[in-house]
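Visitor: I have a structure open and would like to go through it with you. Can we take it piece by piece?

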Amino acid sequence: EVEVTAYSDIFRSVGTLEAATRVDVESEVSGQVTAVHIKPNAEVAAGDVLVELDSRAAELDLASAEAQLDEARDALERYETLRSGNSGAVSQVALQEARTATKLAEVAVDQAHYELDRRRITAPISGTVGLTDIEVGGILSAGTEVVTITDTEEIQIDFTLPERAASVLEAGMPVRLTLPSMPGRVFEGEVAAFDNRIDAQTRLIRVEARTVNDDARLIPGAIANVIVARESKALPSVPALSITWSREGASVWVGEDGAVRAVPVTNAHRLDDTVWVEGDLAAGAQVVVEGVQNMRPGATVTTGGAEAAGAGRTAGDGARPDGTVRVAAENGND
């Protein structure tokens with residue numbers, strides 16, 4: 001009998017865990033290290049100071065820029081006072097030049113503040129800091145890596161799936177993860193994104209999934225076994241032996257009122273000896289499993305168990321030892 005059920009299309013892969021957010025902090029300027037505030041594996045917030053560099057030259061530049069700004073503002077104030085009194089001693093051109101000089105002095109102060117701030121290396125994101133080799137007294141060059149900060153509250157898993165998975169992938173699909181380092185434990189996640197092309201060499205598509213790391217047990221860099229499953233719509237399922245092939249495609253033989261008719265089907269999924277198909281098959285319909293190659297349209301068939309076959313029949317009469325009965329076609333073949 002035909003059963004109408006859903007099936008799970010399961011894809012398995014191996015992926016690598018990565019922090020969803022990870023930043024390699026680098027020094028923007030050169031200088032001597034005067035203080036290190038990094039504690040490995042400690043939590044930091046965005047803006048926390050990690051390393052301080054010698055800032056005496058930057059402080060002097062700031063003081064000089066602030067003095068020049070005060071001087072420019074005083075000159076502008078005098079010019080504006082004279083102009084407001086209708087004094088001919090200050091021309092409009094001189095007043096405009098004083099205003100421009102004041103703006104340039106303000107920019108110079110902002111630049112000096114910026115250069116001073118760059119002597120304090122801060123955390124760009126919140127997260128956990130890793131190991132560092134930076135020590136007080138050392139010299140840092142511009143571009144030197146200071147430390148890595150990772151936000152492990154959310155973990156990203158990078159993996160690949162076969163080409164046939166491309167048609168079913170969608171954001172939000174559930175993902176299950178197991179780790180060799182934690183046998184017996186299963187982590188739940190979901191597909192976050194996937195590539196828009198299939199690799200021409202490997203015939204694989206790249207996928208990214210994410211999972212919440214509440215207890216911080218998932219460590220970036222670890223290997224994970226990934227399982228992606230998609231539940232299908234309910235489809236007719238039949239034994240693989242019931243499907244026959246011809247020039248027109250696949251079909252099954254359905255028994256109705258003692259006769260058979262061919263019903264075209266399209267294979268959707270196979271698991272072991274069961275095939276889910278798309279076709280005009282209702283739940284409970286009977287399909288021929290044995291002798292399918294001898295079936296012809298309209299052939300008469302009889303079905304039944306041991307009782308229908310008759311209690312006194314033997315295997316030679318058509319009844320088998322297991323109680324099933326051979327299906328007889330009009331031409332006498334079974």
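Guide: We can go through the helices, then the strands, then a few single residues. Keep in mind that this is a predicted model.

Visitor: Helices, then. How do helix 1 and helix 2 cross, and at roughly what angle?

Guide: Helix 1 covers residues 56-84 and helix 2 covers residues 92-117. Their axes come within 8 Å and cross at roughly 160°.

Visitor: Why give both an angle and a distance?

Guide: Because a pair of packed helices is described by the angle between the axes and the distance between them.

Visitor: So are helix 1 and helix 2 roughly parallel or roughly antiparallel?

Guide: Roughly antiparallel. An angle over 145 degrees counts as that, and the axes here cross at roughly 160°.

Visitor: Is the crossing left-handed or right-handed?

Guide: The crossing of helix 1 and helix 2 is left-handed.

Visitor: And what residues make up that contact, by class?

Guide: The contact of helix 1 with helix 2 has 16 nonpolar residues, nine charged and four polar.

Visitor: Now the strands. In what order do the four strands of the open sheet come?

Guide: The order is 6-5-3-8, and the pairing is antiparallel.

Visitor: Which strands stand at the edges?

Guide: Strand 6 (120-122) and strand 8 (139-140). Each has a single partner strand, so one side of each is left without a neighbour in the sheet.

Visitor: How many bridges join strand 3 to strand 8?

Guide: Two bridges join strand 8 to strand 3, which is residues 31-36, and the two strands run antiparallel. Gln32 has Ile139 in strand 8 as its bridge partner.

Visitor: Which other strands pair with strand 9?

Guide: Strand 7 (residues 127-129) is joined to strand 9 by two bridges and runs antiparallel to it. Thr128 stands opposite Thr150 in that pairing. Strand 12 pairs with strand 9 over nine bridges, also in the antiparallel sense, and Pro162 stands opposite Leu204 in strand 12.

Visitor: Back to strand 13. How many bridges does strand 13 have with strand 10?

Guide: Four, with strand 10 (residues 174-179) and strand 13 antiparallel.

Visitor: On to single residues. Is Ser13 buried or exposed?

Guide: Ser13 lies in strand 2 and counts as buried, because its relative accessibility is 13% and the cut-off for buried is under 20%.

Visitor: How far apart are the C-alpha atoms of Ser13 and Leu177?

Guide: They are separated by 9.9 Å, although Ser13 and Leu177 are 164 residues apart along the chain.

Visitor: Last one, Thr211. Where does Thr211 lie, and is Thr211 buried or exposed?

Guide: Thr211 is in strand 12, residues 204-212. Thr211 is buried, with a relative accessible area of 4%.

Visitor: What lies 2.6 Å from a polar atom of the Thr211 side chain?

Guide: The backbone oxygen of Glu188 does.

How values were computed. Residues are numbered from 1 along each chain as its sequence is written. This is a predicted model: local features need pLDDT of at least 70, side-chain atom pairs count only at pLDDT 80 or more; totals for chains, interfaces and linings use all residues. Side-chain values use heavy atoms; hydrogens and water are left out. Axes are lines fitted to C-alpha atoms, for helices over the stretch in contact, and angles run from 0 to 180 degrees between N-to-C directions. Angles under 35 degrees count as roughly parallel, over 145 as roughly antiparallel, 65 to 115 as roughly perpendicular and the rest as oblique. A crossing is left-handed if the near helix is turned anticlockwise from the far one by less than a right angle, and right-handed if clockwise. Ala, Val, Leu, Ile, Met, Phe, Trp, Tyr, Cys and Pro count as nonpolar, Asp, Glu, Lys and Arg as charged, and the others, Gly among them, as polar. Two strands pair if DSSP finds at least two bridges between them. Buried means under 20% relative accessible area, exposed over 50%, partly exposed in between (1.4 Å probe, protein chains only). A polar contact is a pair of N or O atoms within 3.5 Å; within protein, one must be able to donate a hydrogen and the other to accept it, and residues adjacent in sequence count only if both atoms are side-chain atoms.
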